[in-house]
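Please read the points below with the sequence and the model open beside you.

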Amino acid sequence: MTDRITLTGLRAHGRHGVYDFERERGQEFVVDAVLELDLAPAARSDEVTDTVHYGELADRLVAVLTGEPVNLIETLADRLLAICLADPRVLRATVTVHKPEAPVPHAFTDVAVTMSRPRTAPPTDVGPRPATTEDAA
């Protein structure tokens, strides 16, 4: 799959972190999201309903960023990935969570975590497994 929708630099104020002061004051988080999906249907129809609406995706991602605090940006990235993969058209998603104000006692530009996941196929086992000759042995 080579088709992608990329949302870069989505910013929101969140209260994530291990330390109490991070939860009290909060800080800016920045998210990059890449969705891999077939964009040919949208290109043919020219209809937003045939693609992932990136404005609505941004709303859902910001709701997670500004919502319930978590300790680790790894956990935050995992929750954001779940949002990206909620649309059944998305075959793979990659999310990077940047924490540019992380409490690091040295000069630095950014701390980031990147996670990428494929869509997991729904189970094909919808009933008892048929007996095989191996079962009889």
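1. Two strands are said to pair if DSSP finds at least two bridges between them, and helices (H or I, at least four residues) and strands (E, at least two) are themselves DSSP runs, numbered from the N terminus. With this in mind, β3 (92–98) and β4 (112–118) are joined by 7 bridges and run antiparallel; across this pairing, Thr96 stands opposite Thr114 in β4. On β2 (27–36), the pairing with β3 is also in the antiparallel sense, over 7 bridges, and Val31 has Val97 of β3 as its bridge partner.

2. Please keep the origin of the coordinates in mind: this is a predicted model, in which local features need pLDDT of at least 70 and side-chain atom pairs count only at pLDDT 80 or more, while totals for chains, interfaces and linings use all residues. Residues are numbered from 1 along each chain as its sequence is written, and side-chain values use heavy atoms, with hydrogens and water left out.

3. For the overall layout, the protein chain has 5 helices and 4 strands, which follow the pattern β-α-β-α-α-α-β-β-α when read along the sequence. Of its 137 residues, 33% count as buried, where buried means under 20% relative accessible area, exposed means over 50%, and partly exposed lies in between (1.4 Å probe, protein chains only). Among contacts (heavy atoms within 4.5 Å) between residues at least 6 apart in sequence, 60% join residues at least 24 apart. As for β3, this strand is mostly covered, with 5 of its 7 residues buried.

4. The helix α4 (73–85) deserves a careful look. Which residues of α4 are buried? They are Ile73, Leu76, Ala77, Leu80, Leu81, Cys84 and Leu85. Because these cover an arc of only 165° around the axis, they are on the same side of α4, the arc being that of the directions from the helix axis to the C-beta atoms. What covers these buried residues includes β2, α3 (54–65), β3 and β4.

5. Two loop residues are also worth checking. Asp87 is in the loop between α4 and β3, and it counts as buried because its relative accessibility is 18%. The side chain of Asp87 makes a polar contact with the side chain of Arg89 at 2.7 Å; such a contact is a pair of N or O atoms within 3.5 Å, where within protein one must be able to donate a hydrogen and the other to accept it, and residues adjacent in sequence count only if both atoms are side-chain atoms. Not counting residues up to four places away in sequence, Asp87 touches Val52 and Arg119. Thr51, in the loop between α2 (40–45) and α3, is buried as well, at 15% relative accessibility. Leaving aside neighbours within four places in sequence, Thr51 is in contact with Ile5, Leu39, Ala42 and Arg89.

6. Finally, how many aromatic pairs does a search of the whole structure find? The search finds 1: Tyr19 and Phe21 form a stacked pair, 5.6 Å centre to centre with 10° between the planes. Rings of Phe, Tyr and Trp (its six-membered ring) pair if their centres lie within 6.5 Å, and planes under 30 degrees apart count as stacked, over 60 as edge-to-face and the rest as tilted. Tyr19 is partly exposed, with a relative accessible area of 45%, and Phe21 counts as partly exposed at 35% relative accessibility.
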